[in-house]
Amino acid sequence: MKLYLDTSTKATILKLDNKTYEWESGRDLAENLLKFIKDKLAENGKTWTDLTEITFMSGPGSFTGLRIGATVVNTLASELKIPLKNHKNETVKIILPEYGRGANISTPKK
């Protein structure tokens, strides 16, 4: 089963083969992303080991969303020993987020 994940916006998009799921993850992404994926796999009668390939929308987008999503897909692909692709359909060893601009770091108040 092919997994596609997009965490670049507040709405997380997950595709499992031809089925698409959307989740308004907001600030719960880090805490609940793996549960969301696992639940959707279970709905399809599948487990982690049924995954054959992962594609990730690597950017541009939300700094935090991309970091969390990239960490999850990099870990899954590594542990399951399955191919990992970026949104350009290029097979990669690891996903490096493409933020689309430099970090917006505010000046310290002290």
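What you see is a predicted model, in which local features need pLDDT of at least 70 and side-chain atom pairs count only at pLDDT 80 or more, while totals for chains, interfaces and linings use all residues. Residues are numbered from 1 along each chain as its sequence is written, and side-chain values use heavy atoms, leaving out hydrogens and water. Helix α1 covers residues 29-43, and helix α2 covers residues 63-80. (Helices, H or I with at least four residues, and strands, E with at least two, are DSSP runs numbered from the N terminus.) How do α1 and α2 pack? Their angle is about 40° and their axes are 10 Å apart; axes are lines fitted to C-alpha atoms, for helices over the stretch in contact, and angles run from 0 to 180 degrees between N-to-C directions. The crossing of α1 and α2 is right-handed, meaning that the near helix is turned clockwise from the far one by less than a right angle, with anticlockwise being left-handed. On the α1 side, the contact (heavy atoms within 4.5 Å) is made by L29, A30, L33, L34 and I37, and on the α2 side by G65, I68, G69 and V72. By class, this contact has seven nonpolar, two polar and no charged residues. Nonpolar here means Ala, Val, Leu, Ile, Met, Phe, Trp, Tyr, Cys and Pro; charged means Asp, Glu, Lys and Arg; the others, Gly among them, are polar.

**Let's zoom in on L29, a residue of helix α1.** Is L29 buried or exposed? L29 counts as buried because its relative accessibility is 5%, with buried meaning under 20% relative accessible area, exposed over 50% and partly exposed in between (1.4 Å probe, protein chains only). Setting aside neighbours within four places in sequence, L29 touches T7, T12, W23, G65 and I68. T7 is 22 residues away along the chain, yet its C-alpha atom and that of L29 are separated by 8.4 Å.

**Six strands make up an open sheet with mixed pairing.** Reading across the sheet, the order is β3-β2-β1-β4-β5-β6. Why is one side of β3 and of β6 left without a neighbour? β3 (19-24) and β6 (91-92) stand at the edges and each has a single partner strand, so one side of each has no neighbour in the sheet. Two strands pair if DSSP finds at least two bridges between them. Strands of a sheet pair through backbone hydrogen bonds, either parallel or antiparallel.

**Strands β1, β2 and β3 show antiparallel pairing.** Four bridges link β1 to β2, and six link β2 (residues 11-16) to β3. β1 and β2 form a hairpin, with four residues between them. Across this pair, Y4 stands opposite K15 in β2. On the β3 side, I13 has E22 as its bridge partner.

**Strands β1, β4 and β5 show parallel pairing.** β1 and β4 pair over four bridges, and L3 stands opposite I54 in β4. β4 and β5 pair over three bridges; here the bridge partner of F56 is N86 in β5. Which way do the residues of β4 point? E53 and T55 point one way, I54 and F56 point the other way, and all are buried. Helix α2 lies across β1 (2-6), β4 (53-56) and β5 (84-86), running at about 165° to β4.

The hairpin of β2 and β3 has two residues between the strands, and D17 has a positive phi of about 55° although it is not a glycine. D17 counts as partly exposed because its relative accessibility is 42%. K81, in the loop between α2 and β5, likewise has a positive phi, near 55°, in a residue other than glycine. With a relative accessible area of 72%, K81 is exposed.

**A cis peptide bond links G59 to P60.** What is the omega of this bond near? Omega is near 0°. P60 lies in the loop between β4 and α2.
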